[in-house]
Amino acid sequence: MLSTMLFAPPWWVAFLLMALCAGLAYLGRLLSWDGAIAAVLCGTIIYGDGGARAILPLLAFFLSASLLSKWAKPKARLHSVALGAKGERRDAVQVLANGGVPTLIALYFHFYARHHLPAYRLEAVQLLFLSSIAAVNADTWATEIGTFFGVKPRSLRNWQPVAPGISGAISWPGTLGGLLGAIFIPLVSWPLWHLNVAEFVLVTWAGFMGCGIDSLLGASLQAQYRDAITGRETERPRSADGQPNAKIRGWRWVTNDVVNFFAACGAVLCAYYLIRAAAPLFPPY
């Protein structure tokens, strides 16, 4: 793998291209207006710092997640809306929850790593960047594929069957979808990143672990409520008519977006410790 991010354009070019992409996504009903602004911010930092090589996996995540959401819409969206999902347009909080960790890594790379770290450690930082995107992609694929097939998942809290789309539950289609989502990011990045087999496996494993961390946090810390109208479990603190929903577990500030952000952080930690543990495969770590 190359030790530096190559072909980074001037920052103003990166901004214009990301604004164009975000504008098209807004017109295509993939982003809300504030989501488009957040996407321009994250995209400009990542593309301006790392060029095509850095923006490729992020675009692959966004496009694949959006297309998968459209494909799964007849069933998956029905479940997600009933359970409290925000809708098909990604807002700023969702964009930052999924793109915030790779953006922070890109900033760290720009302001510190490239000036103070040796080449082999720069490669490690870039693997952490790729792992964070693999994690959010794996989680998105797991959710969409799992809810589409309608197989009742089992809660990680008590292993009891729950409705599709409930946070903190897993099913075999969702688990398979998460694995495929984790594989997809290093696979689509391979032409520009030139990953070897060990690096490919590392990113896939870290992304899949991040998806698992998401489920664990969803089952333990994420706030869940009982809808005041329907009586169903939901992530919304208020019902459709504005009535407050009764909290049944979790911490109020731990929303699905917070869980997504921490899952990406968890994937980065998994990749970091695997690099240190498997040093012979990544000389001279």
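Colleague: Is Cys-265 buried or exposed, or something in between?
Modeller: In this predicted model, Cys-265 has a relative accessibility of 24%, so it counts as partly exposed. Buried would require a value under 20%.

Colleague: And Cys-270, buried or exposed?
Modeller: Cys-270 counts as buried because its relative accessibility is 18%.

Colleague: How many disulfides are there?
Modeller: The count comes to zero disulfides. The rule asks for a pair of cysteine sulfur atoms within 2.5 Å.

Colleague: Back to Cys-265: which residues of H7 take part in the contact with H3?
Modeller: On the H7 side they are Asp-257, Asn-260, Phe-261, Ala-264, Cys-265 and Val-268. H3 contributes Val-93, Gln-94, Leu-96, Ala-97, Asn-98, Gly-100, Val-101, Leu-104 and Ile-105.

Colleague: At what angle do the axes of H3 and H7 cross?
Modeller: The axes of helix H3, residues 92-116, and helix H7, residues 256-277, cross at roughly 20° and come within 8 Å. The two helices are therefore roughly parallel to each other, given that angles under 35 degrees fall in that class.

Colleague: Left-handed or right-handed crossing?
Modeller: H3 passes H7 in a right-handed crossing.

Colleague: Is Thr-103 buried or exposed?
Modeller: Thr-103 is buried, as its relative accessible area is 7%.

Colleague: Now H2. Where does Gly-35 sit, and what is its relative accessibility?
Modeller: Gly-35 belongs to helix H2. Its relative accessibility is 0%, so Gly-35 counts as buried.

Colleague: Which residues does Gly-35 touch?
Modeller: Not counting residues up to four places away in sequence, Gly-35 touches Arg-90, Asp-91, Ala-92 and Val-95.

Colleague: How far apart are Gly-35 and Arg-90?
Modeller: They are 5.8 Å apart in space, C-alpha to C-alpha, and 55 residues apart in sequence.

Colleague: Where is Arg-29 found?
Modeller: Arg-29 is in the loop between helix H1 (11-27) and helix H2 (33-83). With a relative accessibility of 44%, Arg-29 counts as partly exposed.

Colleague: What about Trp-159, what is its phi?
Modeller: Trp-159 is not a glycine, yet its phi is positive, at about 60°. The residue is found in the loop between strand E1 (154-155) and strand E2 (169-170). Trp-159 is partly exposed, with a relative accessible area of 46%.

Colleague: Since you mention strands, what is the order in the sheet of three?
Modeller: The order is E4-E3-E5, in an open sheet with antiparallel pairing. Strand E4 (233-234) and strand E5 (246-249) stand at the edges, each with a single partner strand, so one side of each has no neighbour in the sheet.

Colleague: How many bridges join E3 to E5?
Modeller: Three bridges join strand E3, residues 224-226, to E5, and the two run antiparallel.

Colleague: Which residue stands opposite Tyr-225?
Modeller: Tyr-225 stands opposite Lys-247 in E5.

Key. Residues numbered from 1 in each chain as written. Predicted model: local features only at pLDDT ≥ 70, side-chain atom pairs only at ≥ 80, totals over all residues. Heavy atoms only, no water. Buried < 20%, exposed > 50% of the residue type's maximum accessible area, 1.4 Å probe, protein only. Pairing = 2+ DSSP bridges. Helix = DSSP H or I, 4+ residues; strand = E, 2+ residues; numbered from the N terminus. Axes fitted to C-alpha atoms, helices over the stretch in contact; angles between N-to-C directions. Parallel < 35°, antiparallel > 145°, perpendicular 65-115°, else oblique. Left-handed = near helix turned anticlockwise from the far one by under 90°. Contact = heavy atoms within 4.5 Å.
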